Amino acid sequence: MNSFWIATIGTSMIAFALKYTGHSVPEKFFAHPKVQAINALIPIALLSALVAVQSFTDKSKLVIDHRLAGLGAALLALILKAPFPVVVISAAIASAAAYKLL
Amino acid sequence: MSKIESTTFRDSLSVSITVGAYGIAFGAAAVANGFSVLQSCLLSLLTFSGASQFAVVGVLGAGGTALSGIATASLLGFRNGLYGVIMAPRLKVKGFKRVVAAQVTIDESTAVALGQEVRGEKAMRQGFWLTGFGVFFFWNLFTVAGALGAQAMGDIRAWGLDSAVPAAFLGLVWPRLQSTRDRILAVGAMVFALAMTPILPAGLPIIATAFIAIVVGLRA
C-alpha cells in the first residue's frame, strides 16, 4: 500500500473519529477558553504555512516562480472581496499566464 | 414529514451549492498532487472536511510522508469534534443517526444550524440536516468533476492548477484573520514554514507551525 492510500484511509478514519467523539463527550470537556482559543488559532497557522510552502518551495528548495503571480492574483481577489471560486480561478489564470511567459 | 421553513431551506441550499462547488477545486488539487481519482473521491466521501482534505493533499504533494499528511489534516479536523460537542445536545440523536450526524458535522452544517436557532429548535435541526446532506451531495459531485477534469488536463502548471491549491488555502484562511494577533500568527507561520523547509523533512515545517498556534493560544 503506497503513502497516498495510507494518507487517504488514515485521514478519513481520524476525521470521523474526531467528529464522532465530539458527539459523544460531555460539553464541559472542551469548555475551557484556552482550548477554544487554540482551536481557533491552529487552522490559521497550518493553512498559512500551507500557502507559503505550496507557493514558494520545490521539494526542499525555496523558489520564486510563476506561482507568485497566482498568489498575487488570489490576494488581490480577496482584498476586493471576491467569492472563493473567483479567488481560485484568478490565481490559476495568472499562474498559467506567467508559466507560459517565463 | 414536517414542513420545512422556506428561509431554512433557502439558507441550507445556497450554502450547499456554493460550498459544494469548491469540491471542483479539491478534486483538481488532489489529482494535481498525485492522488488518483478514486482516492480523491474517497477523501471527499469519508473525510468530508474541506480544510483537512486540502491539507493532506498539499502535504503529500509537497513530498511529505503519509504520517505528516494525516497529522496535519487531523489537527485541522479537530474543530469538527468541537462542533460535535455543540451540536450533540441540540440534535439528541443516538445509534446510527448519531453516526450520520457525526459524518455531516462540519463548519457549514453547524453554522447554518446555529443561525436558524432564532426560528426555533425544529428549524435549527432542519438547517443542520439539510446543510449537512446538501454539502455532502454537492461536494462529492463536484469532486468527481474536478478530479476527472484535472486528469484530462495533462501538464497542470500550464493550467495554473499548482497555484489554485495555495489560493484555495489562502481563501480558507482569509476570513479567519480577524485580529492583529491572527494576522501576525499567519505571517509568522508562513515565514517559519519557509525557513524550516530546507532543514526539516517535507511536511514537518507545516505541522510544526501548530505549536506556534498552541503557544500563542496559551499566552492569550
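**A pair of helices, and what surrounds them**

Guide: Let us begin with helix 9 (residues 180-196) and helix 10 (residues 204-219) of chain B, which pack at an angle of about 145 degrees with their axes 9 Å apart. Please keep in mind that this is a predicted model, in which local features need pLDDT of at least 70, side-chain atom pairs count only at pLDDT 80 or more, and totals for chains, interfaces and linings use all residues. Residues are numbered from 1 along each chain as its sequence is written, while chains are lettered from A and ligands numbered from 1 in the order in which they are written.

Helices (H or I, at least four residues) and strands (E, at least two) are DSSP runs, numbered from the N terminus. Axes are lines fitted to C-alpha atoms, for helices over the stretch in contact, and angles run from 0 to 180 degrees between N-to-C directions.

Back to our pair: helix 9 and helix 10 of chain B cross in a right-handed way. A crossing is called right-handed if the near helix is turned clockwise from the far one by less than a right angle, and left-handed if anticlockwise. On the helix 9 side, the residues in contact are R181(B), L185(B), G188(B), A189(B), F192(B), A193(B) and M196(B). Helix 10 answers with P205(B), I206(B), A208(B), T209(B), I212(B), A213(B) and V216(B). Two residues are in contact if their C-beta atoms, placed from the backbone, lie within 7 Å. An α-helix has 3.6 residues a turn, so residues three or four places apart point the same way. By class, this contact has 11 nonpolar, 2 polar and 1 charged residues. Ala, Val, Leu, Ile, Met, Phe, Trp, Tyr, Cys and Pro count as nonpolar, Asp, Glu, Lys and Arg as charged, and the others, Gly among them, as polar.

Now step back to the whole of chain B, which is divided into domain 1 (6-176) and domain 2 (177-220), with bounds that come from an automatic or database domain assignment. The centres of these two domains, taken over C-alpha atoms, are separated by 23 Å. Where they touch, domain 1 of chain B gives 13 residues and domain 2 of chain B gives 10. Helix 4 of chain B brings the largest share of the domain 1 side, 5 residues. That side of domain 1 of chain B has 6 nonpolar, 6 polar and 1 charged residues.

I156(B) is buried, with 21 other C-beta atoms within 10 Å. A residue is buried if 20 or more other C-beta atoms lie within 10 Å of its own, exposed if 12 or fewer, and partly exposed in between, with C-beta atoms placed from the backbone. Leaving aside residues up to four places away in sequence, I156(B) touches A32(B), A150(B), L161(B) and D162(B).

Helix 8 (residues 161-173) of chain B takes us across to chain A, where it packs with helix 2 at an angle of about 155 degrees, their axes 8 Å apart. These two helices are therefore roughly antiparallel, a word kept for angles over 145 degrees, while under 35 counts as roughly parallel, 65 to 115 as roughly perpendicular and the rest as oblique. Their crossing is left-handed. From helix 2 of chain A come I44(A), L47(A), S48(A), L50(A), V51(A), Q54(A) and S55(A), and from helix 8 of chain B come V165(B), P166(B), F169(B), L170(B), L172(B) and V173(B). This contact has 10 nonpolar, 3 polar and no charged residues.

That pair belongs to the contact between the chains, which takes 62 residues from chain A and 86 from chain B. Helix 2 of chain A gives the most to the chain A side, with 20 residues. The chain A side divides into 40 nonpolar, 16 polar and 6 charged residues.

One last stop: in helix 5 (residues 95-103) of chain B, A101(B), A102(B) and Q103(B) are buried. Together with helix 4 (66-91) of chain B, the buried residues of helix 5 pack against helix 1 of chain A.
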